[in-house]
Amino acid sequence: MQNHHSENQLTQSIEQLSSQCVRCGLCLPVCPTYQLTGNEAESPRGRIAIAKQLAQGTLDFTETADQHLNHCLTCRTCEAVCPSKVQYGELMDYTQQFLQQKFPQQKAQSPRALTFLEYIIQHPRRLNASRYLLFAYQVFGVRFLAKKLGLLKLMRLEHLDALLPAAPYSLKTHKPQTNKTATQQVIVFPGCIHPLADTAAIAASYKVLAAYSINIQVSKTQTCCGALFLHQGKRQLYEKLAQQNRDAFLQDSDIPIVSL
């Protein structure tokens with residue numbers, strides 16, 4: 001189901017949700033970015049104020065304002081302690097979608113690490129190929145050389161490099177084994193990055209399910225859940241990926257789905 005919003009609708013939604021915030025500050029102690037920086041603009045209520053002013057046109061869209069919004073981890077811990085029950089996560093998604101529509105040229109200038117992730121994350125074949133590139137990058141000294149020559153900093157890829165699993169990266173993949181005596185069956189949704197970044201967790205999950213005599217299926221047509229794109233305001237791409245996953249799982253709609 002398509003759920004596109006016009007700029008006016010997004011503005012109204014942002015104003016309505018942001019008006020629920022009473023600026024009590026109870027969110028400050030649980031916000032990781034505020035605790036790290038002590039900067040009000042890096043807090044939930046600070047970002048809410050930025051979102052509201054951007055939507056109303058009383059604040060210019062600048063790189064600084066965009067960075068404060070993008071620094072949010074969207075952990076939504078603030079929602080759990082908010083006495084006014086502000087739907088902060090939804091507000092941030094609407095804000096990013098508003099900015100994508102209102103300032104498409106500025107928002108198109110994404111960090112290169114994010115652009116690279118977007119390129120590979122929505123295509124399973126590209127993701128699988130990246131497994132071998134990561135192995136070569138870590139094992140054959142490419143990573144060391146890139147750091148030594150300052151290439152990571154030059155290409156603004158330091159943050160992406162820091163997210164890599166501990167070296168050496170493993171080429172080993174884990175596939176569920178069929179148990180003929182299994183009494184139950186589930187479809188596993190491992191996501192896109194998880195099988196690459198945490199192969200040990202995938203293996204452990206399969207082992208636990210097998211111990212309970214549960215057969216595991218992994219749909220070949222499933223893809224990224226799209227959360228990365230939703231939180232960037234790219235709702236159309238998010239909906240495309242979500243629909244692809246729905247189609248993949250509806251083929252066996254009577255089988256439970258386990259998300260890893």
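What percentage of the 260 residues of the protein count as buried? The share is 38%, where buried means under 20% relative accessible area, exposed means over 50%, and partly exposed lies in between, with a 1.4 Å probe and protein chains only. This is a predicted model, in which local features need pLDDT of at least 70 and side-chain atom pairs count only at pLDDT 80 or more, while totals for chains, interfaces and linings use all residues. Residues are numbered from 1 along each chain as its sequence is written, and side-chain values use heavy atoms, with hydrogens and water left out.

**Overall build**

- The protein contains 16 helices and three strands, both taken as DSSP runs numbered from the N terminus, with helices being H or I of at least four residues and strands being E of at least two.
- The C-alpha trace spans about 65 × 50 × 35 Å along its principal axes.
- Among contacts with a separation of 6 or more, 72% join residues 24 or more positions apart, a contact being heavy atoms within 4.5 Å.

**Nonpolar cores**

- In soluble globular proteins, nonpolar side chains tend to be buried together.
- The largest nonpolar core holds 25 residues, and Ile14 and Leu99 are those with the most contacts inside it; such a core is a set of buried Ala, Val, Leu, Ile, Met, Phe, Trp, Tyr and Cys residues joined through side-chain atoms within 4.5 Å.
- Helix 1 (7-18), helix 3, helix 4 and helix 6 are the elements that each give two or more residues to this core, and the largest share, six residues, comes from helix 6.
- A second, separate core has 15 residues, including Ile121, Leu134, Leu160 and Leu241.
- Apart from its neighbours within four places in sequence, Leu99 is in contact with Leu54, Phe61, Asp66, Leu69, Pro104 and Lys107.

**Helix 4 and its cover**

- Within helix 4 (residues 63-70), the residues Ala65, Asp66, His68 and Leu69 are buried.

- Three strands form an open sheet in the order 2-1-3, with parallel pairing, and two strands are taken to pair if DSSP finds at least two bridges between them.
- The edge strands are strand 2 (214-217) and strand 3 (257-259), each of which pairs on one side only, and the twist averages 40° from one strand to the next.
- Strand 1 (residues 184-189) pairs with strand 3 in the parallel sense over three bridges, and Phe189 stands opposite Ser259 in strand 3.
- Strand 1 also pairs with strand 2 in the parallel sense, over four bridges, and the bridge partner of Gln185 in strand 2 is Asn215.
- Helix 14 (residues 199-211) lies across strand 1 and strand 2 and runs at about 140° to strand 2; axes are lines fitted to C-alpha atoms, for helices over the stretch in contact, and angles run from 0 to 180 degrees between N-to-C directions.

**Cysteines**

- The count of disulfides comes to zero, a disulfide being a pair of cysteine sulfur atoms within 2.5 Å.
- For Cys78, the closest cysteine sulfur is that of Cys27 at 6.2 Å, which is too far for a bond, and Cys78 counts as buried at 9% relative accessibility.
- For Cys82, the closest cysteine sulfur is that of Cys24 at 6.1 Å, again too far for a bond, and Cys82 counts as buried at 16% relative accessibility.

**Two individual positions**

- Ser130 lies in helix 9 (residues 124-139) and is buried, with a relative accessible area of 8%.
- Leaving aside neighbours within four places in sequence, Ser130 is in contact with Ile120 and Leu196, while the C-alpha atoms of Ser130 and Gly233, 103 residues apart along the chain, are separated by 26 Å.
- Pro29 lies in the loop between helix 1 and helix 2 (32-37) and is exposed, with a relative accessible area of 56%.
- Pro29 and Ser43 are 14 residues apart in sequence, and their C-alpha atoms are 9.4 Å apart in space.
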